[in-house]
Amino acid sequence: MKRIAALFLTLAMALSLIACSGNSDSGDNSSGNSGPAPSQSETLPDASSGDIQKIDSPSADLVIGTAGAGGTWYILGSAIANLVTKYTNINMTASSTNGTVENMRLTGAGRLDIGMTQPPADYDAVKGQDLFDGEAYENLRYLCGGHYSIGQIAVPADSDIKTIADLKGKRVAIGVPGSGVRHVVGNGLIQLGGVTLDDIQIISVNQDQGTEALQDGTADAAVYSGGILVSGLLNLSQSMDVRILSIPEDSIAGMEKTNPAMAAAMKYVTIPAGTYRGQTEDVLTAGFITAFTVNKDVSDDAVYSILEAIYQHSDELEEVSTSGAEYTLEEGLGKGCTITPHPGSVKWFADHGITLEDPLA
């Protein structure tokens with residue numbers, strides 16, 4: 001049935017593919033609207049071969065929701081679908097969506113089997129709060145973690161904004177409504193500095209438009225999300241002198257008491273001096289995990305097989321994106337669990353020496 005559904009999904013999202021491309025280096029171009037169903041991506045080459053030893057796995061057709069075509073999420077989500085199809089008996093299709101928020105709604109509604117997200121959006125979806133007020137999706141389960149998107153806040157070098165706390169009352173380009181850039185990365189960074197969304201003047205633009213707003217003076221600061229070297233911030237630093245704001249030391253540890261779901265999805269990241277033109281000192285900031293949620297109705301055996309395929313062949317993910325190097329036990333694979341883990345995930349991680357606790361128990 002899901003093969004048939006996927007064909008209809010293709011037609012439903014044909015126009016949205018154009019609108020979703022390239023606004024965020026993290027690949028998350030979420031709009032916050034449930035919108036139409038996701039579109040089916042093209043099957044990647046070499047998806048199967050008679051010479052490949054398949055992992056002992058059930059036969060199933062599954063769909064994973066990624067984000068806008070061309071972004072990191074779409075690239076890695078498609079690569080994961082390719083791995084699963086190649087090395088298991090599961091046929092997995094990657095679909096372009098509006099990212100974090102839409103993926104939670106579609107996965108919770110059973111229109112996707114797996115959805116990429118940035119915690120704590122999955123926690124909010126399960127609890128029916130914040131952007132999901134009145135629409136709790138209690139059938140969402142944690143599958144695994146993945147790569148980290150690095151959050152960065154830039155201001156003009158001659159600005160009187162020296163710390164994140166100085167952003168109170170200032171105009172901040174912090175992503176569009178419903179996006180992970182605003183509600184996870186931007187919101188998380190300013191909270192680490194003792195600021196809330198209510199304390200700032202929100203400029204609702206994507207990252208490219210945030211760069212333009214800093215350049216023309218219509219914003220005092222802009223939030224970026226992506227790798228350590230974010231293209232939008234790199235371009236900005238070539239046209240004007242900028243300063244990147246550091247988060248306070250031990251701020252993530254402090255957030256563990258005030259917002260544990262957010263803190264569980266973060267790690268400290270140092271941006272080395274010289275990364276951007278004119279940056280003379282190291283900058284301490286935060287990385288935000290990409291997590292994979294799964295509908296609880298996906299079988300335990302299927303979830304176990306998906307994780308085994310990623311684990312055994314993570315080197316193939318690194319070939320399509322440098323962020324793929326984080327899909328290991330040592331890096332991000334077992335991180336960012338803010339909702340009840342799927343039983344298949346619990347078993348797989350236990351077999352690899354990791355105990356997944358249920359944060360909602």
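The legends below describe close-up views of one predicted protein model. Residues are numbered from 1 along each chain as its sequence is written, and side-chain values use heavy atoms, without hydrogens or water. In this predicted model, local features need pLDDT of at least 70 and side-chain atom pairs count only at pLDDT 80 or more, while totals for chains, interfaces and linings use all residues.

**View 1. The whole chain.** The protein has 13 helices and 11 strands. These are DSSP runs, numbered from the N terminus (helices: H or I, at least four residues; strands: E, at least two). Of its 361 residues, 57% are buried. Buried means under 20% relative accessible area, with a 1.4 Å probe and protein chains only. Contacts are heavy atoms within 4.5 Å. Among contacts with a separation of 6 or more, 76% join residues 24 or more positions apart.

View 2. Strand 8 spans residues 221-226. Six of its six residues are buried, so the strand is largely enclosed by the rest of the structure. In a regular strand, side chains alternate between the two faces of the sheet. Here A221, V223 and S225 are buried on one side, and A222, Y224 and G226 on the other. Strands pair if DSSP finds at least two bridges between them. Strand 5 (residues 140-156) runs antiparallel to strand 8, with five bridges. Q152 has Y224 as its bridge partner. Strand 6 (residues 171-173) runs parallel to strand 8, with two bridges. V172 stands opposite A221.

**View 3. Two nonpolar cores.** A nonpolar core is a set of buried Ala, Val, Leu, Ile, Met, Phe, Trp, Tyr and Cys residues joined through side-chain atoms within 4.5 Å. The largest has 46 residues; L143, F292 and I306 touch the most other members. Helix 3 (residues 72-87) gives the most to this core, with eight residues. Leaving aside residues up to four places away in sequence, I306 touches L62, V84, I90, M92, I114 and L143. A second, separate core of 26 residues includes V155, I174, I200 and V223.

**View 4. Aromatic rings.** Phe, Tyr and Trp rings (the six-membered ring for Trp) pair if their centres lie within 6.5 Å; planes over 60 degrees apart count as edge-to-face. There are four aromatic pairs. F132 and Y137 pair edge-to-face, 6.5 Å centre to centre, with 90° between the planes. Both are buried. W348 and F349 also pair edge-to-face, at 5.0 Å and 90°. Y311, W348 and F349 form one aromatic cluster.

How values were computed:
Buried < 20%, exposed > 50% of the residue type's maximum accessible area, 1.4 Å probe, protein only. Phe/Tyr/Trp six-rings, centres within 6.5 Å; stacked < 30°, edge-to-face > 60°.
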